[in-house]
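Good morning, and thank you for making time for this item. Please bring up the sequence and the structure, and I shall go through several features in turn.

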Protein chains: 2
Amino acid sequence: MNQTSKELPRLVIIGGGFAGINVAKAFKNVAVEIDLIDKRNYHLFQPLLYQVATGELDPANIAAPIRKILWKQKNVHVALGKVTNIDFDKKIVHFDGGEMDYDYLVIATGAQQSYFGHDEFRVHAPGLKTIDDALEIRRRLFLAFEEAEWEADEESRRKKLTFVIVGGGPTGVELAGAVKEVATETLPKEFRNVHCDMARVILVDGGERLVGPMPEDLGKKAQEVLEKMGVEIHLQVHVNDVTSEGVVIGDETIPAENVFWAAGVQGQDLAKKLDVETDRGSRIVVNPDMSIPGHPEVFVVGDAAHATDAKTGKPVPGVAQGAIQTGRFVAEIIKQELQGNPPKERPAFSYYDKGSMAMIGRGNAIAAIGKVHYSGILGWISWNILHVMFLVGFRNRFKVMLDWLWNYIWKTRRSRLITGDPQVHIKRLYSERQKREEEKHRRLLQRKQDEEQ
Amino acid sequence: MNQTSKELPRLVIIGGGFAGINVAKAFKNVAVEIDLIDKRNYHLFQPLLYQVATGELDPANIAAPIRKILWKQKNVHVALGKVTNIDFDKKIVHFDGGEMDYDYLVIATGAQQSYFGHDEFRVHAPGLKTIDDALEIRRRLFLAFEEAEWEADEESRRKKLTFVIVGGGPTGVELAGAVKEVATETLPKEFRNVHCDMARVILVDGGERLVGPMPEDLGKKAQEVLEKMGVEIHLQVHVNDVTSEGVVIGDETIPAENVFWAAGVQGQDLAKKLDVETDRGSRIVVNPDMSIPGHPEVFVVGDAAHATDAKTGKPVPGVAQGAIQTGRFVAEIIKQELQGNPPKERPAFSYYDKGSMAMIGRGNAIAAIGKVHYSGILGWISWNILHVMFLVGFRNRFKVMLDWLWNYIWKTRRSRLITGDPQVHIKRLYSERQKREEEKHRRLLQRKQDEEQ
């Protein structure tokens, strides 16, 4: 690379998610030197993260090394590192341990979980944005059942088996359905004291209905199916507090040891350090061409951007398609300018809605494609096909299909290791014999009472 | 269970490894109440752990929930918990949060890594006994290459790409071969500045040859193959120090940022708390029938026991077969006594050596079965078949075979996520441009010198 690189223009991409990867890929065979930097060494297929959290898939099924995705594209140089600041005037990206200079910069840093100003909730209510988040939820989910199995106190056991999911968007709906399935189908046959009707799964959302961004009839449908599965749904209430003992929703306190947060997202902290305009959710406000005001060589794409659809005037949604489309759009602008044939004026981004879907449970998903809305087994099939299609890597696709098929047939989940040191532990375990003694005693007492009557 | 359980004898098994699981399974359809307690919720297939550490397999491929293995056996009650003490007189097992009483007790707690009195090495040289260990090695291994890719200083880069594996037993040999393969076959094509001849892999052992417990010709063979692959082997030297900067072997200091420890094992700390005789490696010394002196109702099996082969007088080896065989042996004694037809005298345990194997590299493994020793592709095929056969769970077997086949064909490894916060970071990253400037300068200088000559 060195022999020619001194003449080549330089493009730096921050982030290897849907947006960043799609930007990089668009420059295949283009004479440009690309640095792609990410704080993780893998690209994550976030839509399936809830399946890692609930033991259905392995982390490596839905994450592929960024290097591996791009290794054939010789003009890309991947770096693992965390960007600490950007000097827009000198055109330098600073990261932990070094710096990169650029001619064009694409910020594709994605989003992180938002606790709406209540960051103190985080420790009690893990979010679901990273592999580590998913493993933490998985740990808590399966540990809860292990502890409940040996918990003598009825009230404590109920608290251990109460799962509150905050946020009724697609992630919250999918997580609630999957947790309920774990509780009713996967685990009870392997436990002696935990039965399939013991676990409470509660889904909370402040809105009027579930999956707000999707059509109303599908929101209703999702609610109907989840309620039939036994998920309790609380709408139009807000979570006012989360502690290790439970949640306060509205005025009601629900004792619960497991709270999972799928309520909101915000831009990364990096945005706050930059001299740019951000919205309330730390997303960077961009021009119609996705560049930042005053710096036509700097673009923001995907979840990191606060962008407005040029045709509808609506905000571009923070979904995979939004990231892919803004990424490709920006890449096209840069490519044209690099190749010396830009249009007189840069185009304005407009989002093309390919539809949306959400899995609810075994054999049931909701889907909206254009004006066609459907659910049930047909939705479920579409959901599975679509998610497998978009997974990166042929082998991952094959293995995920295999896992799904197997789990579907056997109603099981294989990936439920509790890793790390399980420090959270049972408050009061009982000896089986002690319990038997108590029962014997109770039965004797009962008999006496019966005889006396 | 409660209606009849008060008359049933009680068996407590501590540990769900090869030994513990095999004890439990032997009591299928026997009228006994079994509590199996483990500090992890999964049974781990340790012989394949090095493949998780080197990104070949996912953790869930080689670990199965203990509950899932035993769910059909209704007389087994599984508990997640850490045993804190055992009262041999009152026949009670204490664990974090509760207690269990027993009529028979089987201690199958396995082994942990031993640093031979140098526990201060541990932080710099992770062992390879648990999933968490394997993930830590995986993290360090792949992070080393990420850091090296952007390291400007030649000396630092060399240190980052030097991997020292301490211990030349089967685990050390397998790990060294796999790390070398990662360095030469898997990664270089995805990197721009790291090339396949850059990484040094050094295997250190205090003995005269590799894989000491295996026949001498195979030890020689392993050394020959590893050296051909480029692994440097240091024999008959001891590791005198391990720091974050490197290792001291004998008098020589080797600068290395990655040290992996596969040198020795010892019993769990629990043994030290008990009023029992232990050997230097914290293994509990047992009678010929695997019971502990003075307590015929308490047995120790697998790696936790210091047992002597009744026929040969040699120590029973700390391998999977040793655990399986001692487990089944003890289960048979207990079963006979429970069923009221014990032999006059308890039998003495004798180990049946089914052979041993070690993977060296792509298409090459060594194997000793009885007096037949072989290596190369035939050894490799045997190794693969044997390890898949012993894996728990049909789906795991299938998926592991699929992974192996895929990795073999494509010379790749899929499971190389760096999870957790990668805090260890690059000391000095260079800007590509800076490097180019330096090279330009160097070339100009060179040209000048050439012209002057």
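This is a predicted model: local features need pLDDT of at least 70, side-chain atom pairs count only at pLDDT 80 or more; totals for chains, interfaces and linings use all residues.

Does B:Lys221 count as buried, partly exposed or exposed? At 26% relative accessibility, B:Lys221 counts as partly exposed.

Side chains of opposite charge can pair when their charged atoms come close. B:Lys221 forms a salt bridge with B:Glu224, and the closest N and O atoms are 3.6 Å apart. Both residues lie in helix α8 of chain B, residues 216-229, with a spacing of 3 residues, or about one turn of the helix.

Over all chains, the structure holds 44 salt bridges. Another one in chain B joins the side chains of B:Asp269 and B:Lys272, at 3.4 Å from N to O. Here B:Asp269 is partly exposed at 43% relative accessibility, whereas B:Lys272 is exposed at 55%. Salt bridges that share partners also join A:Arg10, A:Glu33, A:Asp35 and A:Asp101 into one network. In chain A, A:Asp119 forms a salt bridge with A:Arg122, with 3.7 Å between the closest N and O atoms. A:Asp119 is partly exposed, with a relative accessible area of 46%, and A:Arg122 is partly exposed as well, with 37%.

Charge also gathers on the surface. A patch of positive charge is formed there by B:Lys25, B:Lys28, B:Lys68, B:Lys72, B:Arg328 and B:Lys354. One of these, B:Lys28, sits in the loop between α2 (18-25) and β2 (33-38) of chain B. B:Lys28 is exposed, its relative accessible area being 55%.

I now move to the aromatic residues. Over all chains there are 22 aromatic pairs. In one of them, the ring centres of A:Phe18 and A:Phe45 are 5.7 Å apart and the planes stand at 80 degrees, so the pair is edge-to-face. This pair links distant parts of the chain, 27 residues apart: A:Phe18 is in helix α2 (residues 18-25) of chain A, and A:Phe45 is in the loop between β3 (42-44) and α3 (49-53) of chain A. A:Phe18 is buried at 14% relative accessible area, and A:Phe45 is buried at 4%.

A:Phe163 and A:Phe260 form a tilted pair, 6.4 Å centre to centre with 40 degrees between the planes. Because A:Phe163 lies in strand β11 (residues 162-166) and A:Phe260 in strand β17 (residues 258-261) of chain A, the pair ties together parts 97 residues apart in sequence. A:Phe163 is buried, with a relative accessible area of 0%, and A:Phe260 is buried at 0% too.

Finally, a nonpolar surface patch of about 1,100 Å² includes A:Leu378, A:Met389, A:Tyr408, A:Ile409 and A:Trp410. Which helices each supply at least two of its residues? They are α11 (376-390) and α12 (394-410) of chain A, and α11 gives the largest share, 7 residues. A:Ile409, in helix α12 of chain A, is exposed at 52% relative accessibility. By contrast, A:His387, in helix α11 of chain A, is buried, with a relative accessible area of 8%.

Technical notes. Residues are numbered from 1 along each chain as its sequence is written. Chains are lettered from A and ligands numbered from 1 in the order in which they are written. Side-chain values use heavy atoms; hydrogens and water are left out. Patches are made of residues with over 30% relative accessible area and no salt bridge: like charges are joined within 9 Å, nonpolar side chains (Val, Leu, Ile, Met, Phe, Trp, Tyr) within 5 Å. Accessible areas come from the Shrake-Rupley method with a 1.4 Å probe; for residues, only the protein chains shown count as cover. A salt bridge is a side-chain nitrogen of Lys or Arg within 4 Å of a carboxyl oxygen of Asp or Glu. Lys and Arg count as positive and Asp and Glu as negative; His and the chain ends are not counted. The place of a charge is taken as NZ of Lys, CZ of Arg, CG of Asp or CD of Glu. Helices (H or I, at least four residues) and strands (E, at least two) are DSSP runs, numbered from the N terminus. Buried means under 20% relative accessible area, exposed over 50%, partly exposed in between (1.4 Å probe, protein chains only). Rings of Phe, Tyr and Trp (its six-membered ring) pair if their centres lie within 6.5 Å; planes under 30 degrees apart count as stacked, over 60 as edge-to-face and the rest as tilted.
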